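Please read these points with the sequence and the structure side by side.

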Amino acid sequence: QVQLVESGGGLVQAGGSLRLSCAASGRTVSSYVMGWFRQAPGKERELVARFTDGGITIYTTAVKGRVTISRDNAKNTGYLQMTSLKPEDTAVYYCALRQVGTARYDYWGQGTQVTVSS
């Protein structure tokens, strides 16, 4: 079993920055690939950023140029650096892991709230 714990969310003014962290523990996570998702009130959960199996980063159009996904394998921790935040970025952000070679994310964190005020 794998546990994911997000942190770093909060309230920030438009134009500000936040760095979300996702600490993984449990079974060996080296064969897993991380993605970040978000869900705004009344909306479906959407992908924000993810790694491909080859380590390439993929971003949804709405956050390109403002968000960077990264990871520290030694710490089993992933990060989502967000800059130039907009009110429409307000959502609960989730990190998730999927096994290499699969498309389904098997493990999810509890989520961290990001609120951007105008």
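1. In this predicted model, strand β4 covers residues 32–39. Of its 8 residues, 7 are buried, so the strand is largely enclosed by the rest of the structure. Buried here means under 20% relative accessible area.

2. Which strands pair with β4? One of them is β9 (residues 91–99), which is antiparallel to β4 and is joined to it by 8 bridges. Another is β5 (residues 46–51), also antiparallel to β4, with 4 bridges.

3. The protein as a whole has 11 strands and 0 helices. Its radius of gyration is 13 Å, close to the 13 Å that the globule rule gives for 118 residues, so the protein is as compact as a globular protein of that length. Along the principal axes, the C-alpha atoms fill a box of roughly 40 × 30 × 25 Å.

4. Across the 118 residues, 42% count as buried. Among contacts with a separation of 6 or more, 56% are between residues 24 or more positions apart.

5. The accessible surface is about 6,300 Å², and carbon and sulfur atoms account for 48% of that surface. The side chains include 13 positive and 8 negative ones, and the centres of these two sets are 3 Å apart.

Methods: Residues numbered from 1 in each chain as written. Predicted model: local features only at pLDDT ≥ 70, side-chain atom pairs only at ≥ 80, totals over all residues. Heavy atoms only, no water. Helix = DSSP H or I, 4+ residues; strand = E, 2+ residues; numbered from the N terminus. Rg over C-alpha atoms; globule rule 2.2 N^0.38 Å. Buried < 20%, exposed > 50% of the residue type's maximum accessible area, 1.4 Å probe, protein only. Contact = heavy atoms within 4.5 Å. Areas by Shrake-Rupley, 256 points an atom, 1.4 Å probe, with all protein chains shown as cover. Lys, Arg positive; Asp, Glu negative; His and termini not counted. Charge placed at Lys NZ, Arg CZ, Asp CG, Glu CD. Pairing = 2+ DSSP bridges.
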